[in-house]
Amino acid sequence: MVSIISKDPKIFVDFMMIEELELLVDVDDKWGPLKQGTVMFLSFVAFGIIPVLAYLGGEGQGTDYVFGISVALTGVSLLLLGALKGYLTSMNMLISALLMLLSGAISGGVSYGVGVLVDFIVNV
């Protein structure tokens, strides 16, 4: 059966999207990309502003207590976003939330490390 379906790449991709990933994509929706882009933008704004909220009081320089509050707010938002993703994709919400937190922690740690490295190189 795989050899038959894989002869036509479009049918194969459609089959994999529906059967394996359980994703239904309406390719005839001309507004689909605009809707997806809008959702991505609004999500970025909504969740991207959360780490900044700790600094709205006008305090905070470097890695002080405000930075810790910002990290904590970011961790909570990642957990909530991961749980929401798990709910929407019918995945275990706890596992999805923890995976999102781990992913955010790794990318945040790498970003912080790159910032420290660049600061070291620039200020030598």
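From the N terminus on, the elements of this protein follow the order α-α-α-α-α-α, where helices (H or I, at least four residues) and strands (E, at least two) are DSSP runs, numbered from the N terminus. The model is a predicted one, in which local features need pLDDT of at least 70 and side-chain atom pairs count only at pLDDT 80 or more, while totals for chains, interfaces and linings use all residues. Residues are numbered from 1 along each chain as its sequence is written, and side-chain values use heavy atoms, with hydrogens and water left out.

**Exercise 1. Overall composition**

State how many helices and strands the protein has, and what percentage of its residues count as buried.

Solution. The protein holds six helices and zero strands. For burial, the classes are buried (under 20% relative accessible area), exposed (over 50%) and partly exposed in between, with a 1.4 Å probe and protein chains only. Of the 124 residues, 13% count as buried. The accessible areas come from the Shrake-Rupley method with a 1.4 Å probe, and for residues only the protein chains shown count as cover; the protein exposes about 9,900 Å², of which carbon and sulfur atoms supply 73%. Turning to contacts (heavy atoms within 4.5 Å), residues 24 or more positions apart account for 16% of those with a separation of 6 or more.

**Exercise 2. The span of helix α5**

**Exercise 3. The buried residues of α5**

Identify the buried residues of α5 and the elements against which they pack.

Solution. The buried residues are Val66, Ser70, Gly75, Ser77, Leu78, Gly82, Ala83 and Gly86. They pack against α3 (32-48), α4 (50-53) and α6 (93-122). Ser70 is one of them, and it counts as buried because its relative accessibility is 8%; leaving out residues up to four places away in sequence, Ser70 touches Pro51, Ala54 and Tyr55. Val76, which also lies in helix α5, is by contrast partly exposed, because its relative accessible area is 47%. The C-alpha atoms of Val76 and Ala97, residues 21 apart in sequence, are 9.6 Å apart in space.

**Exercise 4. Gly82 and Ser96**

Which residues does Gly82 contact beyond its neighbours within four places in sequence, and how is Gly82 placed relative to the side chain of Ser96?

Solution. Gly82 is found in helix α5 and counts as buried because its relative accessibility is 0%. Apart from neighbours within four places in sequence, Gly82 is in contact with Met93, Ser96, Ala97 and Met100. The C-alpha atoms of Gly82 and Ala97 are separated by 3.7 Å, although these residues are 15 apart along the chain. Ser96, for its part, lies in helix α6 and is buried, because its relative accessible area is 2%. The backbone oxygen of Gly82 lies 2.6 Å from a polar atom of the Ser96 side chain. With its neighbours within four places in sequence set aside, Ser96 is in contact with Gly82, Lys85, Gly86 and Met91.

**Exercise 5. A nonpolar surface patch**

List the members of the nonpolar patch on the surface and give their accessible area together.

Solution. The members are Met91, Ile95, Leu99, Leu102, Ile106, Val110, Val114, Val118 and Val122, and together they have about 800 Å² of accessible area. Patches are made of residues with over 30% relative accessible area and no salt bridge, with like charges joined within 9 Å and nonpolar side chains (Val, Leu, Ile, Met, Phe, Trp, Tyr) within 5 Å; a salt bridge is a side-chain nitrogen of Lys or Arg within 4 Å of a carboxyl oxygen of Asp or Glu. Val122, one of these members, lies in helix α6 and counts as exposed because its relative accessibility is 61%.

Technical notes:
A polar contact is a pair of N or O atoms within 3.5 Å; within protein, one must be able to donate a hydrogen and the other to accept it, and residues adjacent in sequence count only if both atoms are side-chain atoms.
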